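Trainee: I am new to this structure. Can we go through it step by step?

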Amino acid sequence: MSTDNIQTIIPGLWLIATPIGNLQDMTSRSIAVLGAAQVVCCEDTRHSGKLLKHIGAQPQRLIVANEHTEHDATSQVLEALANGHIVALITDAGTPGISDPGERIARAAIAAGFFVSATPGPAAFVMAAIISGFSTTRIAFDGFLPRAGAERRQRLTEITRERRTLVLYEAPHRLSKTIADLIALGDPERRVVLARELTKLHEETWRGTLRQAMQHISDNEPRGEYVIVLEGVSNIADEISDDQILTEIQLRKSGGLSNRDAVDEVSSVLGVARKRVYDLATK
Ligand code: SAM
């Protein structure tokens, strides 16, 4: 690695990673790009204002991009890029586009032919995965689970069969429900890591099984920010039963799917041969 190979900060969209809790994790390249940017796009002006002040950056203009304004923000960013500006996009914490605004803006800038790059840095899911002790050869990141309904159930079912290390984000008040759902649909003895308040004063990494996690959560009310890391399932010896297949088919049919679509979906989600699912569905 060489420090003389400093990339020029050229006009375009720069996705800038910011700390997930510890200001010392702000890289010097992130600071340099934010200092050079004429336009900074952020989720919250008050929150990002503090960071910009701390590093001495004084952009000419701030654009707000959150879940309500990302559409408008996208056209403002494209306009700034068309004017030849350096636009830096930051979020409240971590890497933009990772369960955060940024994806839509990056895609629009790429489609319009502008230069798009990033200054990499903290991302809670990467840190949680590497300190989990589970395999990092193959990792799946699922962000936040859907809150309810068939989509949540489908994702949970997929997770119960996931062979890769699986990382999830979860709000503290929903942690217990998610762990309970994982136990209900999968193996209570599956190993899990709850990585809390990473890089902050009260950082904590709890390790155990899903069953023990339930107890841990009921003894210690979850507070702060959490990443859930699940060990990949190694032996799917617990073959899917006919009853389980029938329940999954019924669930989808009562949700409005045709017999054929329900069969296709259950076969793909459970990883069971379509013929077996079809035979059960038409019995
Ligand atoms: N873009 C961010 C990243 O790169 O990790 C994630 C933003 S997402 C809106 C926020 C979620 O990330 C939190 O609800 C939590 O699950 C996780 N998270 C962020 N910072 C964290 C931290 N310091 N410790 C544990 N989890 C964290």
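This is a predicted model: local features need pLDDT of at least 70, side-chain atom pairs count only at pLDDT 80 or more; totals for chains, interfaces and linings use all residues.

Trainee: Which residue has a polar backbone atom 2.9 Å from a nitrogen atom of the ligand?

Mentor: Look for a backbone partner of a ligand nitrogen. The cut-off for a polar contact is 3.5 Å. At 2.9 Å, the residue is Ile98.

Trainee: How much of the ligand does the protein bury?

Mentor: Take the ligand alone first. It exposes 570 Å². The share of that buried by the protein is 90%.

Trainee: How many residues surround the ligand?

Mentor: The closest are Thr95, Asp100, Ala124, Tyr169 and Tyr226.

Trainee: Now the domains. Where does domain 3 lie in the chain?

Mentor: Domain 1 covers 12-122 and domain 2 covers 125-230. Domain 3 is 242-282.

Trainee: How much area do domain 2 and domain 3 bury between them?

Mentor: Their centres are 27 Å apart, taken over C-alpha atoms. Five residues of domain 2 are in contact with eight of domain 3. Of the buried area, 50% is on carbon and sulfur atoms. The total is about 580 Å².

Trainee: Which residue forms a salt bridge with Arg153?

Mentor: Between domain 2 and domain 3 the count is one salt bridge. The closest N and O atoms of the Arg153 pair are 3.1 Å apart. The cut-off is 4 Å. The partner is Glu248.

Trainee: How many charged residues are on the side of domain 2 that touches domain 3?

Mentor: That side has no nonpolar residues and two polar ones. The charged residues number three.

Key: Residues are numbered from 1 along each chain as its sequence is written. Side-chain values use heavy atoms; hydrogens and water are left out. Domain bounds come from an automatic or database domain assignment. Contact means heavy atoms within 4.5 Å. Buried area is the accessible area (1.4 Å probe) that two parts lose on being put together, summed over both. A salt bridge is a side-chain nitrogen of Lys or Arg within 4 Å of a carboxyl oxygen of Asp or Glu. Ala, Val, Leu, Ile, Met, Phe, Trp, Tyr, Cys and Pro count as nonpolar, Asp, Glu, Lys and Arg as charged, and the others, Gly among them, as polar. A residue is near a molecule or strand if one of its heavy atoms lies within 4 Å of it. A polar contact is a pair of N or O atoms within 3.5 Å; within protein, one must be able to donate a hydrogen and the other to accept it, and residues adjacent in sequence count only if both atoms are side-chain atoms. Accessible areas come from the Shrake-Rupley method with a 1.4 Å probe; for residues, only the protein chains shown count as cover.
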